[in-house]
Amino acid sequence: MNLFDNLASVGITASILQYAVFAIICVFVLGFIWKYVIIGAGIIFCVYVLAMPVMGVKNEAIAEANATILKVPVLTEEDRIQKEIDRNKPLFLVDCQRYGDYTKQECEKIWDERSSSPKED
């Protein structure tokens with residue numbers, strides 16, 4: 001009992017020693033699984049943040065945000081084909097001059113004739 005009497009004279013009682021031993025065991029066990037504890041706390045935090053209702057957002061703010069979204073025009077099939085034709089014309093002119101030994105005016109004439117002729121299916 002001499003050890004406990006010496007500790008008690010400094011202010012450390014048996015119950016404080018019991019709590020200290022319990023805390024050391026808890027720290028030792030948490031030392032093995034600390035990564036899982038941190039990951040679990042992070043997941044709980046994310047779920048908590050995502051589950052919170054949106055506070056302070058008014059319908060006017062939502063309507064204003066929706067109004068600023070760019071409207072993308074919907075292209076019809078004919079518009080899409082025309083856009084594709086317009087995009088391919090410079091490529092055709094270069095290839096026509098390079099591989100066909102035509103002048104630029106002749107290549108443009110060929111392009112105009114082919115694009116104005118009725119499409120065959």
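1. A word on the basis first. This is a predicted model, in which local features need pLDDT of at least 70, side-chain atom pairs count only at pLDDT 80 or more, and totals for chains, interfaces and linings use all residues. Residues are numbered from 1 along each chain as its sequence is written, and side-chain values use heavy atoms, leaving out hydrogens and water.

2. Do look at helix α2, which covers residues 14-51 (helices are DSSP runs of H or I with at least four residues, numbered from the N terminus). Its 38 residues would reach 56 Å as a straight helix, yet the end C-alpha atoms are only 46 Å apart (the expected span is 1.5 Å times one less than the number of residues).

3. Where does α2 bend? The bend is at I33 and comes to about 70 degrees, taken as the angle between axes fitted to the seven residues ending there and the seven starting there.

4. One disulfide turns up in a search of the whole structure, counting cysteine sulfur atoms within 2.5 Å. The partners are C96 and C107, with sulfur atoms 2.2 Å apart. C96 sits in helix α4 (residues 77-100) and C107 in helix α5 (residues 104-116), so the bond ties together parts eleven residues apart in sequence. The S-S torsion of C96 and C107 is about -85 degrees, which means a left-handed disulfide.

5. How accessible are the cysteines? C96 is buried at 9% relative accessible area, and C107 is buried at 0%. By contrast, C26 is partly exposed at 31%, and C46 is partly exposed at 44% (buried is under 20%, exposed over 50%, partly exposed in between, with a 1.4 Å probe and protein chains only).

Definitions and conventions:
Helices (H or I, at least four residues) and strands (E, at least two) are DSSP runs, numbered from the N terminus.
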